[in-house]
Amino acid sequence: MNATVPDAYHELISLYLRQWSVLRSRLRRQTGSHELAEDALQETWLRLSRMKGGPIDIRDQHAFILRVASNIAIDLARRENRHGGRCISDEAVLAAIEDACPSPERVVIDRDQLRLLVLALSQLPARPRRALLMNRCDGLTHREIAGRLGVSESMVARYLVQALRHCRDHFRDQH
C-alpha cells in the first residue's frame, strides 16, 4: 500500500467505524462481557488514533483491526480476572448490606393486593376457587385436582380459566 500517511490513516479509521458494530459483537462473544467489549473498543480506537503521525503500511486493515481489538480484549479479560480474584465487586458489597425487609410502602401495596385477591377469590364459586388454590398454592396438577374434585381434567382446565379470568377482571376493575 503506497498511500500517503493521512490517506492510509483515514482509511483505517473509516474501516474501524464501519466495522464497529460487528467488532463489538465479536468482542462480546470473546469476552462474555458487554463492559469488557466496550472497554476494548474504546482502547482500540485510542490505539488506532495514535497511529496518525506514524507510517501506516498494513496489507489487510480489517485483519489488523480485529487483531488489535482481540489482543486488547484478552489483556482486559486477564486483568479483570486477576483483579476480580482479589476485589469484591460493588454488587457484592451492596448485596451484603442490602436490607432484606420490604419497605413500608411495599408492605402497604402488597397488603392491598392481597386484600383484592382475597375479595376476588371470595366471589368465585367453590369449585373454581378450590381448583385455583390447589393449582397455584399446593402445586397440584390438573389430574390430581380432577381426582380430588371428582371431575374431568378438562373441567379442571375450565375452572382454572374461569377463576383466572375472574381475578384478572376484578383487579382491572379495582385499578
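What follows is a quick chat about the helices and the surface.

Colleague: So what kind of model is this?
Modeller: It's a predicted model.

Colleague: OK. How many helices and strands does the chain have?
Modeller: There are nine helices and zero strands. Going along the sequence, the pattern is α-α-α-α-α-α-α-α-α.

Colleague: And how much of the chain counts as buried?
Modeller: Of its 175 residues, 26% are buried. The chain exposes about 12,200 Å², and 52% of that comes from carbon and sulfur atoms.

Colleague: What about contacts between residues at least 6 apart in sequence: what share of them join residues at least 24 apart?
Modeller: That share is 65%.

Colleague: Let's zoom in on α9. How far does it reach from its first C-alpha to its last?
Modeller: Helix α9 covers residues 153–174, so 22 residues, and it reaches 32 Å, close to the 32 Å expected at 1.5 Å a residue.

Colleague: Which residues of α9 are buried?
Modeller: V156, Y159, L160, A163, C167 and H170 are the buried ones in α9. They cover an arc of only 100° around the axis, so they sit on the same side of α9.

Colleague: What do the buried residues of α9 pack against?
Modeller: Three helices: α6 (104–122), α7 (126–136) and α8 (142–149).

Colleague: And which residues are exposed on the other side of α9?
Modeller: Over there you find R165, R172 and D173, which are exposed.

Colleague: Switching to α2, which residues are buried there?
Modeller: L23, L27 and T31 are buried in α2. Their arc around the axis is only 55°, which puts them on the same side of the helix. V22 and R29, on the other side of α2, are exposed.

Colleague: What comes after α2?
Modeller: G32 follows α2, and its phi is positive, near 75°.

Colleague: Last topic, the surface. Which residues make the nonpolar patch?
Modeller: L17, W45 and L46 make a nonpolar surface patch of about 270 Å². L46 is in helix α3, residues 34–49.

Colleague: Why does L46 count as partly exposed?
Modeller: Because its relative accessibility is 37%, and partly exposed is what lies between the buried cut-off, under 20%, and the exposed one, over 50%.

How values were computed
Residues are numbered from 1 along each chain as its sequence is written. This is a predicted model: local features need pLDDT of at least 70, side-chain atom pairs count only at pLDDT 80 or more; totals for chains, interfaces and linings use all residues. Side-chain values use heavy atoms; hydrogens and water are left out. Buried means under 20% relative accessible area, exposed over 50%, partly exposed in between (1.4 Å probe, protein chains only). Helices (H or I, at least four residues) and strands (E, at least two) are DSSP runs, numbered from the N terminus. The arc is that of the directions from the helix axis to the C-beta atoms. Patches are made of residues with over 30% relative accessible area and no salt bridge: like charges are joined within 9 Å, nonpolar side chains (Val, Leu, Ile, Met, Phe, Trp, Tyr) within 5 Å. Accessible areas come from the Shrake-Rupley method with a 1.4 Å probe; for residues, only the protein chains shown count as cover. A salt bridge is a side-chain nitrogen of Lys or Arg within 4 Å of a carboxyl oxygen of Asp or Glu. Contact means heavy atoms within 4.5 Å. The expected span of a helix is 1.5 Å times one less than its number of residues.
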